[in-house]
Amino acid sequence: MMLATHIQTSIKQLLANKGKAFLTMLGIIIGIGSVIMIMTLGEIAKQFLLSQITQFGTNVVEIGITGELGPFQSQTDVYFTLDDIKALEQSSLLTEITGISSAYTLSSTLEYAGDSHAVSVWGDTEAAFSVNNLNPVAGRVYTAAEADRADRSIVLTERFAEEVFDTAIKAIGKTIRINGTSFNVLGVVNDLPFGGGPIGGNYVFIPLKTAYAYLAPSEDVNKITFILVEFAEGTEPAGFQDRLLFEIKRIKHLDNDQDDVFFVANRQQFLDIFDNVLLAIQLFVAAIAAISLIVGGIGIMNIMLVTVKERTKEIGLRKAVGAKNRSILIQFLIEAAVLTTVGGIIGIVGGLGLCYLAVMVVNAVQPDWQIQFVLVPLAIGLACGVSMLTGIGFGLYPAWKASRLHPIEALRYE
Amino acid sequence: MPTSPRPSKTEAIIRITTLTKTYWNGAVAIPAVQGVDLTVRPGEFIALMGPSGSGKSTLMNLLAFLDAPSSGSYWFAGNNITDFSEDYLADLRNSVLGFVFQQFHLLPRTTALDNVALPLLYTGVKRKQARLRAAELLQKVGLGDRVYHRPNELSGGQQQRVSIARALVNNPMVLFCDEPTGNLDTKTSGDIMKLISQLHHEGKTIIMVTHAEEIADYAERRVQLRDGKIVQS
């Protein structure tokens, strides 16, 4: 009964003691604010990662060689060569392959107009560009024929090109030097996701054979550091990966149980790992938020006990004119719930505000990431519900005490 | 809701026989009301009087369903009241009684209108209707132009008028007044007593607790208590 009246009374009470109410709600505000923040930031990070990875292509398996062959085999025994790549491409077990990027990478220094720049040189076939979703923003990438001829052509990544030449266009046709060898800038492609990963990347691409011919130390010639195998959309990744490994072991004459030799990563796995890490962080923050909510709830209980004491006469009067114990109980439960819900709403608005601010800051620092702010309706609903339940839970004892007051004693209370 | 048929003119509205109330202070029994017989007829205006500790307040609390007696019987409007559970007494207070207190007991930060309407909300009357009825009664007690004032914007006499309006809002069978002028100056006291007398002349049954002779003079019958017993009725 009279729910609207109770809510109105509660809000009146709250507004009459704004400062006190705010301090009381602080625990709830912090608890709910952190729940909202971690859920929203988690979702924002996930969306960002997803957008980066889908741009990168999720239907790619990366395989590297760890060199851990066990005690009786030499480490240099196993590595990929271009012949292996050809064998994989032609395998009847792996018809889903749409391209293989076969990378030989080394760190070096690029010189232009008297300036030196640290670069990661990525020697690869022309497949590198399609497999990694790298598209020319200026000029063009090298062709299969040019790669096969070991042309001294080079393709730069966008940010690096802008760093050296101001704009991507200006880089085209320029001659740069790496380790004393001159290269002709053929084109500029978009940056790799996450700016090229933790290695931090001024990535430059040259044909694999060019890398062997001019830059690789003699013992590295014909060795491939890692391969990226792109497979057709709709392929079941786990099964494909198993068959791929089986074929690689067959080609490399390895025993079937020598899985340690390879480092295998598909990007779906990467997403799964991120999901797990995110979940762990979210659970951890949820635990802290729970503590904050408990502390906040005890604060609410405390203030409600004080309120019941202060308003003993009012309770006596209400009972004298016919309020039953249940009506008084409900009235004070609603007051506690209104208090925590208002605290929850402040927490939600504050948490979302901080998230928005964080997104703006990150976007200001890393403009090319273009992180999108997202609202998580589930988190907002959950936060509202939890804050209301906190009020009802911790308001129960004070409300019960209020409802048990004897009307005569309550009316005479001084 | 209790069944409460309006009594005929001759039937007693309240009849109590050998009513007692004993409070316990640890193991010590304090007999506040010791076997009281009293009959109140419809339309009567009774003043309950007696020195402090005489049991007049306890008796009023028992008559007004604010407390349960230790023994004895209580007929209200012909019904023998045997159920003294908190919920049932709350229903009785809400439906057949009105209260005027010495300290007014108005809700702060709440308009006169909503203060008067309060008992009806516990009856389950819709707020809009309750407010209409409350406005009607504020008009009756002479505060038609003060309906949206809050208690702190009203004088003591005006506050007591609001509380009288609140006591009448459910059209009670009996109006209980506990020292209704105890917090008011002489002039205002006279005004309030004139209002209560007017209600009596309109046929309301009124039971008033007071210790002041000049206030008791407004009543038509005095019930004098001493040591928990009626000494003069």
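How are helix 3 of chain A and helix 9 of chain A oriented to each other?

1. They are oblique (angles under 35 degrees count as roughly parallel, over 145 as roughly antiparallel, 65 to 115 as roughly perpendicular and the rest as oblique). The axes of helix 3 (residues 82-90) and helix 9 of chain A come within 10 Å and cross at roughly 135°. Axes are lines fitted to C-alpha atoms, for helices over the stretch in contact, with angles from 0 to 180 degrees between N-to-C directions.

2. This is a predicted model: local features need pLDDT of at least 70, side-chain atom pairs count only at pLDDT 80 or more, and totals for chains, interfaces and linings use all residues. Residues are numbered from 1 along each chain as its sequence is written, chains are lettered from A and ligands numbered from 1 in the order written, and side-chain values use heavy atoms, without hydrogens and water.

3. A:Lys249 sits in helix 9 (residues 237-251) of chain A. Helices (H or I, at least four residues) and strands (E, at least two) are DSSP runs, numbered from the N terminus. A:Lys249 is buried, at 5% relative accessible area (buried is under 20%, exposed over 50%, partly exposed in between; 1.4 Å probe, protein chains only). Beyond four places in sequence, its contacts (heavy atoms within 4.5 Å) include A:Leu254, A:Asp259 and A:Phe262.

4. In chain B, four strands form an open antiparallel sheet, ordered 2-1-4-5. Strands pair if DSSP finds at least two bridges between them. Five bridges join strand 1 (residues 14-25) to strand 4 (residues 71-76) of chain B. B:Thr17 stands opposite B:Ser73 in strand 4 of chain B.
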